[in-house]
Structures are given as C-alpha cells and as structure tokens.
Amino acid sequence: MHILPYGSWPSPIDAALAAAHDGRPEYVGFVGDEIWWTAPRPAEGGRRTLVRRHPDGTEESVLPAPWNVRSRVVEYGGLPWAGTTRPDGEPLVVFVNFADQRLYALEPGHEPRPLTPVSAVGGGLRWAEPQVLPERGEVWCVLEEFTGDAPTDVRRVLAAVPLDGSAASDRAAVRELTDDRRRFVTGARISPDGRRAVWLAWDHPRMPWDGTEVIVADVGDDGTLTGARAVAGGPEESVAQADWAADGSLLYTSDRGGWWNLYRDHEPVCPREEEFGGALWKLGLRWFAPLADGLVAVVHGRGATALGVLDPETGELVDAAGPWTEFAPALAVRGERAVTVAASPRSAYEVVELDTRTGRARVIGAAHDDAVDPAYYPEPQIRAFTGPEGREIHAHVYPPHNPGCAAPGHELPPYVVWAHGGPTDRAPLVLDLEIAYFTSRGIGVAEVNYGGSTGYGRAYRERLREQWGVVDVEDCAAVALALADEGTADRDRLAIRGGSAGGWTAAASLTGTDVYACGTISYPVLDLAGWAGGETHDLESRYLDGLVGPLAEVPARYAERSPVTHADRITAPFLLLQGLDDVICPPVQAERFLARLAGRGVPHAYLTFEGEGHGFRQAATVVRALEAELSLYAQVFGLRPPGVPTLELSP
C-alpha cells in the first residue's frame, strides 16, 4: 500500500480505456428467434452499428463503417431499426442511416437499399420507430418532415413506407396515416386482431412527462386509420407508453396517481409508489412488454430499477434475480422470452434475457468484460441528503478508491459533484469508467439526482417547475457542503461538472454560489432567452415554459437566471467543452458567454470538437475531454496525477 496524496494515485484506468468503453448497447429486438441490437463504435467515428446474435451465441456486426444506425427524430432520436423474417427464414431488417436519415432495407448478401427519399428542405425527412408489416408490404413509422429552415418548421405524422423501394425517389409514394394536427406522436402499436392502433400524442408547450394523450384509431382493411380519439391522458397526466395485451385489452403507464403505474383498460393493475415508466426523451422506449400468456414484462423501481413479470389479473409482481441495478427501457419479447439492457456498479450495460416461465435471467450479448482489475472500480454509496426547506435529495457518492493507494491520514479528498443532463432525467447506479477514472486517482465523485429528476415520483419531478437554476443549484450545493461538513470531502477542493442541462447547472453554480473551486461545463445551456428564442430544436423549444416560466410573462427571470448575464460574477477557473455540430445547445451560447467574460482574468479553457454534436461519441474527443478535466482539477487543487497532459488555462 502506497501512501500518496489524493489525486496523485497511479491508475490503470486511463482516458483511452474509458473512451473505448463509452456508450452502451441499445434498442434490443427480435428478428425471428434471433436477438439484435445497436452498439457503439467510439473508435469508428462514434458511429452505431447493428449487431446480430446468431443461434450459436456468436455476435456479428452486420453493417460496416460508415453505416451508422441512428435516427435524428426530435434530435435525440429513437428506435432506429426493426426486423422480421422472410418466407425463407432469412432476416429482413430496416434501419435509419444517420448521415442521410433515410430508411434502408437490409437483406443478407445484399447492400442496403434505400426505401425513402432525400429532402433538401431544412433538416429533411427523418424516421423513427419502424415496424415491418410484410403482409401489407409496408413499414409503418414516425415521419418527421421539415417544411422550412428553422428548427421549428417541422411536422410529424405516422406514415407507411413501401417495402418495394418505390418511395426511394418519390415522396408522394409515402402514405400518411395521420394528419399533422398534433405536434408530437409516437409510433403506433397494432392490436393483436389488427383492427386497432394506439399511440401517444402531445403538443407545445408540454413535454411528454408533463402531459400526453393516448390515441386509439381503427385500422381499415386497406390500412387506413380512422376515428382517432383520445382515450386517456391529458394536459396534467403523463402517459409514457401504450400497447395492447394479448387479449386485446389496452395497457398504458400513467402518472395520474403521482407515479408512473401500469393500467389495463383504465384500471390500475399494480398501484405502487414506484415508476413503471419514465421520461420519453427518445421515441420507442419500452418500460413494459405484453407477453403471449397475458403476463407483462416490466421495468420498474424507485431510483434503481428491476426487471419483473407482472400478472395484471392479480397484481402479483415477481422480479428476476441477478446482480443488475439498472434496466433500460428497451424491452422486447418473443414467446416466453424478454430481453433488455442492464448494468450494475460492477458491470457495464449488457444484453440480458429473462425466461419468464422459469424466472431465470442471463447475459446473452455484449457481455461485460473487465478491462482492468475490478478492484479499481468505485464503490458507490446510495445516500439521501437534506436540502433547503428540509427537502430530501438523492445522490450516489463514490469515494476515492484504489487497492494499492491510500492518502495521508490528515488529508481530506477533493470531490467533484456531477449534475446529470435532462434535467428531467437521473443518474443511474452503474459502472462508469469515467467515474472510475477519477476515483481510482483519489478524487471523489457525487452524482446528484436533484429535485426534478425522474425515478422518485411526479412530486419530486415537479420541484423543478419554474425553479430551474434554483433547485438544481441548491441541491447540488447542499450535497457538496454536507460531504464537507461530515468530513468526507475537502471544503476547499470541491468542483462541479455537467453536460447539457447539467452544464447549465454547473455554470449557474459557478456564477451563483461560492461553493466550488472550479468546474467543467460541457455543451451547456447558458442563455435562456437565446435558447427560448430559436437557438435550440423543436422538442425543447418550449421546455423553458415549465422550467422557468413563459418568456413573455417573466422575461426578467430569464435574464436573472442565465449564466451569460452574470459572467462577471464568475471567479473560479473552468473548462468549457463544446461540439461544433451541436444543434441542441449550439456553440453560439458558449461563445456569447466567453465574450461576456473577456478581460476579467478568470483562468479557463475552451475546447471545441469538429464532428461532435450534443454529447461526445468519438474516442479521441472523450480522451481529450477527460484529460483536460483532470488537468483542470490538478492545477486548481494542487494535485500531481502522473502522465496527464497539462491543460493550458487562459485568463
């Protein structure tokens, strides 16, 4: 055991290793009896490939570079592929290619062939949540179509794309199934008898976790949808998912009782103070999946999540055994099998299959492999802290941890508070090598699920209503100061970091408090008025109505809360990271903030990355960002981490 100061411990977890394991498998589904999913390739420009698991258990990447299976619908995307089997038993798969956003058909032995055309208008034509219907010769999906150059010049409908490729150069060959009176729609789910379809819809200024409606329509013999009517949900009720049970009853998850619970034909089937749904940031998320025998596979929990099988007749819920603490809302079922993606504090995300008959769960794809001795992994603590007005704040605390090192007995460790994005989201309790990158060097991390986070009921989410920049900042500060007061962290060596909405919280914390000695701000919101005035995409263009208040009614609040307004208050050194292709939090916000800061002598660095959008996907970017962040902490906290390039800070 070496006695070394915190922050100077040697670690086998370098930035390159963390970058190589960045991202996770997503969008699991069945093609016949085979399981397929999308997987990250950070070393290949950050693209996502499509992986096929053969019956013998081997995994094959079926699309070489530069194919990139990723949709841009609502910019955050959604389910980008679907598949079935042809009469000869071979797979027929359709997928969205990121570069041109066209829908392609993929069959073994053939190059992908386009099914949809290109549009030169605005952001073009985009597709998500495809369903292959070979009996109709069509793919049903969500169509997002830009009608002008502004990010809000857009319409969304349900559409049917011919499988024969006749729409590849003919927009008129795409059959629209709905009108565009609703601003946002999810993909339709067709009832077992094929006579009804159900989907979700909502409109500005609501976000899907504020209020959505369940729409049911009749499916005609000719494939038309008629008689569309709202049967559940509303402006103050969020329905996160809707589907059909095997007997034709309607299933959906609603938070009308304060928690996203499952309902069958409008009656609760397992009322609990737990979430059976979540924030619909991407189209195609599935927290439940009806099984052929009438049971329902569910992802549920409070904070952490579990995978279970629910009997809607009795309300009995039996969870799968296993080490996982987080199950993604990516459920797919076939027969008695349910698959999704799961992780734990000791394992990264992997594809997990549950035999719903026996209750046995096992890893069947993207299996976690310890790239280093797991003794270097962080050891999280699930904590609850008390914030202003006595409110409870949930957090995961990761103390410094290295099996070969300890600090001098008198020294307290530096800590970095991580503010998650969203802000309507949460930090999951899973192995993250970026956290391990810091903890294994002697720097603690505290992930704060501040008020407004999901996983703790609607009332907890509503704490952030019109309080963004207040509650999130206060909660992060309360956790940081509590760790210092209890002797866990060094009060003089606290930092904050976050990306997207977390970048906002980090910046607002540096301009509005004196808690932190420095901070890392990644692809942030910095100017509320600019963001609400057309500097972001359509999905979130009215988000601030709920987070801050309508701009026309409270313009002073927008100015008062914005870090760009108070750049003169910042005295702590900071690192600002920005993707130059980011259309959600564009570079203009960062540039405006830096212009207001000019000449004030605050040490900082501004790193930009070509080809990166909202969130970093390329391995080289992740390496540069992590090393720069560690160098910032080293310079401010007086640390000496070995082998880390020095970040040049400019006044």
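Cys270 counts as buried because its relative accessibility is 4%; buried means under 20% relative accessible area, exposed over 50% and partly exposed in between, with a 1.4 Å probe and protein chains only. Cys141 is buried as well, with a relative accessible area of 3%. A disulfide is taken here as a pair of cysteine sulfur atoms within 2.5 Å, and by this rule the count is zero disulfides.

The model is predicted, so local features need pLDDT of at least 70 and side-chain atom pairs count only at pLDDT 80 or more, while totals for chains, interfaces and linings use all residues. Residues are numbered from 1 along each chain as its sequence is written, and side-chain values use heavy atoms, with hydrogens and water left out.

Helices and strands are DSSP runs numbered from the N terminus, where helices (H or I) have at least four residues and strands (E) at least two. Strand S2 covers residues 26-31, and six of its six residues are buried. S2 pairs with strand S3 (residues 34-41) in the antiparallel sense over four bridges; two strands pair if DSSP finds at least two bridges between them. Glu26 has Thr38 in S3 as its bridge partner. Two residues lie between the strands of this hairpin, and Gly32 there takes a positive phi near 65°.

An open sheet is formed by four strands in the order S19-S20-S21-S22, with antiparallel pairing. Its edge strands, S19 (239-244) and S22 (267-268), each pair on one side only. S19 runs antiparallel to strand S20 (residues 250-254), and five bridges join them. In this pairing Gln241 stands opposite Thr253 in S20.

Ala217 belongs to strand S17 (residues 213-219). Its relative accessible area is 0%, so Ala217 is buried. Leaving aside residues up to four places away in sequence, Ala217 touches residues including Arg195, Trp199, Leu225 and Arg229, where contact means heavy atoms within 4.5 Å. Between Ala217 and Val397 there are 180 residues in sequence and 48 Å in space, C-alpha to C-alpha.

Which helices pack at an angle of about 75°? They are H4 (residues 471-485) and H5 (residues 501-512), whose axes are 9 Å apart. Axes are lines fitted to C-alpha atoms, for helices over the stretch in contact, and angles run from 0 to 180 degrees between N-to-C directions. H4 and H5 are therefore roughly perpendicular, as angles of 65 to 115 degrees count as such, those under 35 as roughly parallel, those over 145 as roughly antiparallel and the rest as oblique. Asp472, Val473 and Cys476 of H4 meet Trp504, Thr505, Ala508 and Ser509 of H5.

Helix H10 (residues 619-637) has 19 residues and should span 27 Å at 1.5 Å a residue, which agrees with its end C-alpha atoms being 27 Å apart. The expected span is 1.5 Å times one less than the number of residues. After H10 comes Gly638, with a positive phi near 75°.

Some backbone details remain. The peptide bond from Ala65 to Pro66 is cis, with omega near 10°, and Pro66 is in the loop between strands S5 (59-61) and S6 (81-85). Glu75 is also placed in the loop between S5 and S6; its phi is positive, near 65°, in a residue other than glycine. Glu75 counts as buried because its relative accessibility is 14%. Another cis peptide bond joins Gly422 and Pro423, with omega about 0°.
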